[in-house]
Amino acid sequence: MKTVSENTCFGGVQGVYTHASSACSCDMTFGLYLPPEAQDGPVPVLWYLSGLTCTHENAMTKAAAQGFAAENGIALVFPDTSPRGEGVANDDAYDLGQGAGFYVNATEKPWAPHFRMWDYVANELPDLLGNEFPLDMERQAITGHSMGGHGALTLAMSLPGRFKSVSAFAPICNPTASDWGRKQFKAYLGADETKWAAHDASLLMADRGFDGPVLVDTGTKDQFLDLLKPETLSAAMAARRQEGAFRMQKGYDHSYFFMMSFMEEHIAFHAEALYA
């Protein structure tokens, strides 16, 4: 692991690091914010998974999260959204290839050798973080935006006991029935649609739910509502009587302005679960 940068931030440290990833067979970059309490011992962890076209840097610099994390003594992890570099497959479209890993393990060519973001986020990066930093990996929570909201929800429901809480900002809720999903799942996972269901938050919610509290916020003026399909997740949560809240926020769109407007509430939501 190599240190790219470390900056004092709200009394803690915002770092950026690179390492050779065995899961993705390339070098990967991530951001990690450690609050002041990390100087005294391990602190709980909140994962933030970003959306299409983003890197580790977008949320790290735009989501206004570090100050609230510092107030609550929580570390923030900002993984990249896909493998990158020479020899890593890509596509001219913004919603496929580099910057659009969709948090799945690709099985199809040319994506399979590197696009294993599920293994990276679920296994490799947590192991690295737990070994290298003062983090309490028994207390983890997860959130994300858009494609990252999809990833946060599917990881949380598929790894029971791993996360104390899950939230999402404008998540892709029903990718098996959306162009933000069907296109990518066919490319990464193949034409057999039965393999796609394991990565659909609405289907997972209907099938198994989450073993903790859920918070989902989406804007009523989100320009991608037809692709996100929030009504499918809302219905699945209601039918299951899932602990949590699904909120449509009046006037908000898909931008980071929306996320930063509700970031304090989301971090407080996770802090309550992490410190319970």
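Reply: Start with a term. Contact here means heavy atoms within 4.5 Å. Keep in mind also that this is a predicted model.

The helix is α8, residues 230-240. Which of its residues are buried? P230, L233, A236 and M237 are. A residue counts as buried when its relative accessible area is under 20%. These four cover an arc of only 130 degrees around the axis, so they sit on the same side of α8. The spacing fits a general rule. An α-helix has 3.6 residues a turn, so residues three or four places apart point the same way.

Now turn to the other face. Away from the buried side, α8 carries the exposed residues A238 and A239.

What covers the buried residues? The cover includes three helices: α4 (147-158), α6 (201-207) and α7 (225-228). It also includes two strands, β8 (214-219) and β9 (244-249).

Next, look at what follows the helix. R241 comes after α8, and its phi is positive, near 60 degrees. Most residues other than glycine have a negative phi, and most peptide bonds are trans. Two other residues go against the phi rule. F10 is not a glycine, yet its phi is positive, about 50 degrees. F10 sits in the loop between β1 (2-9) and β2 (12-21). F10 is exposed, because its relative accessible area is 57% and the exposed class begins over 50%. S25 is not a glycine either, and its phi is about 55 degrees. S25 lies in the loop between β2 and β3. At 44% relative accessible area, S25 is partly exposed.

Back to the cover of α8. K221 is exposed, at 60% relative accessibility. Leaving aside neighbours within four places in sequence, K221 is in contact with G251, Y252 and D253. From G130, K221 is 91 residues away in sequence and 39 Å away in space, C-alpha to C-alpha.

D253 takes us to β9, another part of the cover. The loop between β9 and α9 (256-274) holds D253. With 29% relative accessibility, D253 is partly exposed. With neighbours within four places set aside, D253 is in contact with K221, D222, Q223 and F258. So the contact between K221 and D253 shows up from both ends, since contact means heavy atoms within 4.5 Å. The C-alpha atoms of D253 and A170 are 8.9 Å apart, although 83 residues separate the two along the chain.

Then there is the largest pocket. About 200 Å³ of space lies in it. How many residues line the largest pocket? There are 13, and L52, H145, S146, F224 and H254 lie nearest its centre. The lining has 6 nonpolar residues, 7 polar ones and no charged ones.

Now the wider setting. In soluble globular proteins, nonpolar side chains tend to be buried together. The largest nonpolar core here has 93 residues. L32, L135 and Y188 touch the most other members.

Take L32. Strand β3 (residues 26-34) holds L32. L32 is buried, because its relative accessible area is 1% and the limit for buried is under 20%. Beyond four places in sequence, L32 touches V13, Q14, G15, Y17, A75, L76, V77, L129, F133 and L135. One of these, A75, is 43 residues from L32 along the chain, with 7.1 Å between the C-alpha atoms.

Y188 has its own set of contacts. With residues up to four places away not counted, Y188 touches L96, G97, A100, G101, F102, V104, A106, T107, E108, W111 and F115.

One last stop. K109 lies in the loop between β5 (75-79) and α3 (117-132). K109 is exposed, with a relative accessible area of 79%. The peptide bond from K109 to P110 is cis, with omega near 0 degrees. P110 is in the loop between β5 and α3.

Terms used:
Residues numbered from 1 in each chain as written. Predicted model: local features only at pLDDT ≥ 70, side-chain atom pairs only at ≥ 80, totals over all residues. Heavy atoms only, no water. Core = buried A, V, L, I, M, F, W, Y, C linked by side-chain atoms within 4.5 Å. Buried < 20%, exposed > 50% of the residue type's maximum accessible area, 1.4 Å probe, protein only. Arc of directions from axis to C-beta. 1 Å grid on protein atoms, 1.4 Å probe; cavity = no way out; pocket = protein on both sides within 12 Å on 5 of 7 lines; lining within 4 Å. Points joined across faces, edges and corners; volume = space filled by probe spheres on them. Nonpolar A, V, L, I, M, F, W, Y, C, P; charged D, E, K, R; others polar.
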